[in-house]
Amino acid sequence: MDRTKYIYIGMDIHKETHTAVLLNYLEEKLGEIKIKNTLQGFHKLEDYILKQKGELIPIFGLEDITHYGRNLSIFLLDRDYPVKEVNPSLSYMERMSYASTRKNDTWDAQCISAVLMRRSHLLPDANPQDYYWTMRHLVNRRNALVKASTKLMQQFHEQIQTAYPNYKGFFRELDCQTSLTFFEHYPSSKHLENISEEELGAFLRIPSNNSCSTNRARKILDLVAEENDERTRLSICPRYGDSKHYTAIKSLSARNKRVRANRKANVPRIGVSIGNYAGD
């Protein structure tokens, strides 16, 4: 490889802009340009190189060809320009070899150009792999969906806890189809006031594919009744030691217990229920 026939363009890659520095085989700086990371910026770079190169053959060196530099590397390869992948450790060693170190886009691009000039015959050709680029985007998309799903589930817990304090005892999984269908149809305990165990059990069998039966409905209604008792105690809390409030609380609690006992006693025991074999 005759180094005198080439013009060496080192690219310092960033998210928004790229900086290019042009060197000849004597490491003389022939030009510098900063472009945007867009297709218009790539055409601007090509036009500038064609004006500066003269009879020399342009050869490009990029540290990043799979992330922010992927589009530029593909653009250059489609136009049959030789593109080399420069290891960042090589440009770092070149930058640190000087007595006074500097750190800016222009100097970084010039160090890449110097490495490209000396090691162009050893550096690997740029070969951007769309497989890794696609996988990285899919993983980032999945992570974003998981975070969004977690936030939505936290909000769902906060909303359900207000309407059903004992909601965790309703279903094993809060985000299952049966649970979501139940909370959508019965958003608060008021919607369950006139619902019997048989009606709620028949409703739960459809989304659960017969895995939830009357036993699950009875458990939900019992938990809702306990919630109502607790709310009643808090709403008529005794003040100043008045015994009438204690009497009202006891009578109301006893009435709720009798209602639950009568509901259990009226459950038909003839025949075999699907819920006896299918887990709630």
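Buried means under 20% relative accessible area, exposed over 50%, and partly exposed in between, with a 1.4 Å probe and protein chains only. By that scale, Gln177 and Glu184 of helix H6 are exposed. This is a predicted model, in which local features need pLDDT of at least 70 and side-chain atom pairs count only at pLDDT 80 or more, while totals for chains, interfaces and linings use all residues. Residues are numbered from 1 along each chain as its sequence is written, and side-chain values use heavy atoms, with hydrogens and water left out. Helices (H or I, at least four residues) and strands (E, at least two) are DSSP runs, numbered from the N terminus.

**Sheet**

- An open sheet is formed by 5 strands in the order S3-S2-S1-S4-S5, with mixed pairing; two strands pair if DSSP finds at least two bridges between them.
- Its edge strands are S3 (29–36) and S5, each of which pairs on one side only.
- Direction ignored, neighbouring strands of this sheet are turned by 25° against each other on average.
- Strands of a sheet pair through backbone hydrogen bonds, either parallel or antiparallel.
- Strand S2 (residues 17–23) pairs with S3 in the antiparallel sense over 7 bridges.
- Ala20 has Ile33 in S3 as its bridge partner.

**Helices on the sheet**

- Helix H2 lies across strand S1 (6–13), S2, strand S4 (57–62) and S5, and runs at about 155° to S4. Axes are lines fitted to C-alpha atoms, for helices over the stretch in contact, and angles run from 0 to 180 degrees between N-to-C directions.
- Helix H4 packs on the sheet and touches S1, S2, S3, S4 and S5, its direction making about 140° with that of S1.

**Ile59 in strand S4**

- Ile59 is found in strand S4 and is buried, with a relative accessible area of 2%.
- Leaving aside neighbours within four places in sequence, Ile59 is in contact (heavy atoms within 4.5 Å) with residues including Tyr6, Tyr8, Pro82, Lys84 and Leu116.
- Lys84 is 25 residues from Ile59 along the chain, and their C-alpha atoms are separated by 7.7 Å.

**Salt bridges**

- The structure holds 9 salt bridges, each being a side-chain nitrogen of Lys or Arg within 4 Å of a carboxyl oxygen of Asp or Glu.
- One of them joins the side chains of Glu46 and Arg79 (3.4 Å, N to O). Glu46 lies in helix H1 (residues 39–53) and Arg79 in the loop between helix H2 (70–78) and strand S5 (83–85), so this pair ties together parts that are 33 residues apart in sequence.
- Glu46 is buried at 16% relative accessible area, whereas Arg79 is partly exposed at 35%.
- Arg95 forms a salt bridge with Asp108, their closest N and O atoms being 3.3 Å apart. Arg95 in helix H3 (residues 88–96) and Asp108 in helix H4 (residues 105–119) are 13 residues apart, and the pair links distant parts of the chain.
- Both Arg95 and Asp108 are buried.
- In the salt bridge of Arg218 with Glu197, the closest N and O atoms are 3.3 Å apart. This pair links helix H8 (residues 214–235), which holds Arg218, to helix H7 (residues 197–208), which holds Glu197.
- Arg218 is buried, with a relative accessible area of 16%, and Glu197 is buried at 1%.
- A network of salt bridges links Glu27, Glu94 and Arg118.

- Thr178, Ser179, Phe182 and Phe183 are buried in helix H6 (residues 177–185). They cover an arc of only 120° around the axis, which puts them on the same side of H6; the arc is that of the directions from the helix axis to the C-beta atoms.
- The exposed residues Gln177 and Glu184 are on the other side of H6.
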